[in-house]
Amino acid sequence: MRIRAALLVGCAIAALAAAQRPAPAKHVLAWADVRSGYQHDSISHAVATIERLGRESGAYDTFIRTDSQIITKRGVTFPSGTGIATGEQFNVRDLNYFDAIFFFGVREIELSPDQRADLLSFVRDDGKGFVAAHSAATAFFSWPEFGEMLGGRFDEHPWGITGGTVVVDDPKFPAMRHLPPRFTVRDELYQIKDFSRDKIHVVAHLDASRLDLTRPLVHRKDGDFPAAWWKNYGKGRVFYSILGHDAEDWDNPLLQQIYFQAIRWSLGLTE
Amino acid sequence: MRRVGRLTGTIILLFGLASSLLVALQPPPEGQPGRGGRGGGRGAAVRQRKAVLAWADTRNGIAQHDSVSHALAVIERLGYESGIYDTFIRTDSSVISKHPKTTDGKPASGGPSLANVDAIFFLGHREIQLEAEQKADLLAFVKEDGKGFVAGHTATTAFQSWPEFGELLGARYDGHPWNTVHGTVINEDPSFPATRHLPPSFDITEEFYQASEYSRDRIRVLLRLDVSKLPPNPELHRTDGDFPLAWAKSYGRGRVFYSAFGHAPAAWDNPDVYRMYFEALRWALGLADGDATPRPMK
């Protein structure tokens, strides 16, 4: 009895020590290049919230960028005459520095062929994470490989901003663990196309019985409306959710934890 | 240690924010939520709160401070939680225009522009590529439209090749003689909104940027480094003991504020620092009054 108690105390101390040991913070690039599409009002609040969650937890440090310059693994080159002291180039980052991307871009984003190759390779070959929100499914329609990496495409929001019920399909998945089996949201609910349940693991879907399927833009007649999924892309981990249209949505602790836990999972911090 | 430091920082941040809001928070207009949201997403036709563009184009890559993203996020949070302003974070410069364009030249859709924001919070550095028309729009934004311009730390290193920008900001960067060091700051104007919460003198650890090409005939210095408390340094270029760390000025019809504070990410968790910027933004937005009349060193 005494031994068991001592063991328990020992375990507790070990666990405490492990919990207090500072793990080196991971590096997350919050990338929201909106120069070519409609800038959702929520984007700045979303990236600031993602930054705060990482900093307060100590899990990761965030770089916020609304340009795409550092979407490269080949270093960043600078126009001449940009500095005061010539040759001074410190704190220069590119994809090699980052462990995961939180992506909240929209529509067609200007990337060179090299940049596109590096972005895919960042996930597929380097095994890094890619967590994407809401309008991310509208991005890069002209780039098939991106659709394959993400796992699905935006197909309108037939109901505009509406109330809906999200049903959790996989309560064991780290980004779903904190959620009740069903919860209501008010969001701009996206219809997803070009996905296959053979390739993505849908961890939450919209309850089709609560949606008006007679709306003209409803294309999915079988009522399959994924709300969140994960997939592997090569060696990397990818997560997407349709949620997060309005700035206020990012104040909802349920939504915050979906993305925060998804980032931790994509970083390999949870299984 | 890092975790504990962060937790402490968070607690300080929350506590500081709460206490600053007690002073700063104005009751929201009738029928408007007190916090959160932009009011535009759910049917409100007119933007009620002010809009701030937090602009930090760091694509010139050199000296891309690690604090930039945290600073932008803190500025966003202060506006959001107080309900005083909404923030657009941008690290590109395509919105520095009254008529922003997309990357393929079409008119931009949604998002900020110099025609629809009320102030800029600027954390850029060195030479940032802007078209001549963008430069003209930026100056007119402050000078003619009477909008606000609040700038931090690296801002004095920006646009060295553009004389009018130096005139707008009020000074230029001249190194940081002691790098990051513990120093004593003299509060020259405890009645100004951005420095009202600060004692007559206080200590802080910071990379103190030395300002040059300024004149106390054109800027009102609010904070100054007490150089007498620091060891002699060959890079200290003035002999009169003047070393401004924060100032306010007008530029045409607009209000301009700069402070050298904010080098390290943790600086933005220091209530003295973030509250200074928050109050400076309120002043620059015309929500608080302060006397920016230039005056000699005291």
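What percentage of the 298 residues in chain B is buried? And where does strand β11 of chain B pair, and with which strands?

A: Happy to. This is a predicted model, in which local features need pLDDT of at least 70 and side-chain atom pairs count only at pLDDT 80 or more, while totals for chains, interfaces and linings use all residues. Residues are numbered from 1 along each chain as its sequence is written, and chains are lettered from A and ligands numbered from 1 in the order in which they are written.

To your first point, 51% of the 298 residues in chain B are buried; that term asks for 20 or more other C-beta atoms within 10 Å of a residue's own, with 12 or fewer for exposed, partly exposed in between, and C-beta atoms placed from the backbone. Chain B has 5 helices and 11 strands, taken as DSSP runs numbered from the N terminus (H or I, at least four residues, for helices; E, at least two, for strands). Of the chain B contacts with a separation of 6 or more, 75% join residues 24 or more positions apart, a contact being two C-beta atoms, placed from the backbone, within 7 Å.

Now for β11(B), which spans residues 254–259: 6 of its 6 residues are buried, so the strand is largely enclosed by the rest of the structure. B:Gly254, B:Val256 and B:Tyr258 point one way, B:Arg255, B:Phe257 and B:Ser259 the other way, and both sets are buried.

As for partners (strands pair if DSSP finds at least two bridges between them), β11(B) has a parallel pairing over 5 bridges with β4 of chain B, residues 148–152. There, B:Gly148 has B:Arg255 as its bridge partner. The hairpin of β10(B) and β11(B) has 2 residues between the strands, and B:Gly252 takes a positive phi near 60° in it.

Positive phi also turns up away from glycine. B:Arg126 has phi near 55° and lies in the loop between β3 (119–122) and α3 (132–143) of chain B; its 25 C-beta neighbours inside 10 Å are why it counts as buried. B:Asn179, with a positive phi of about 55°, is in the loop between β5 (172–173) and β6 (180–187) of chain B, and counts as exposed because it has 10 C-beta neighbours inside 10 Å.
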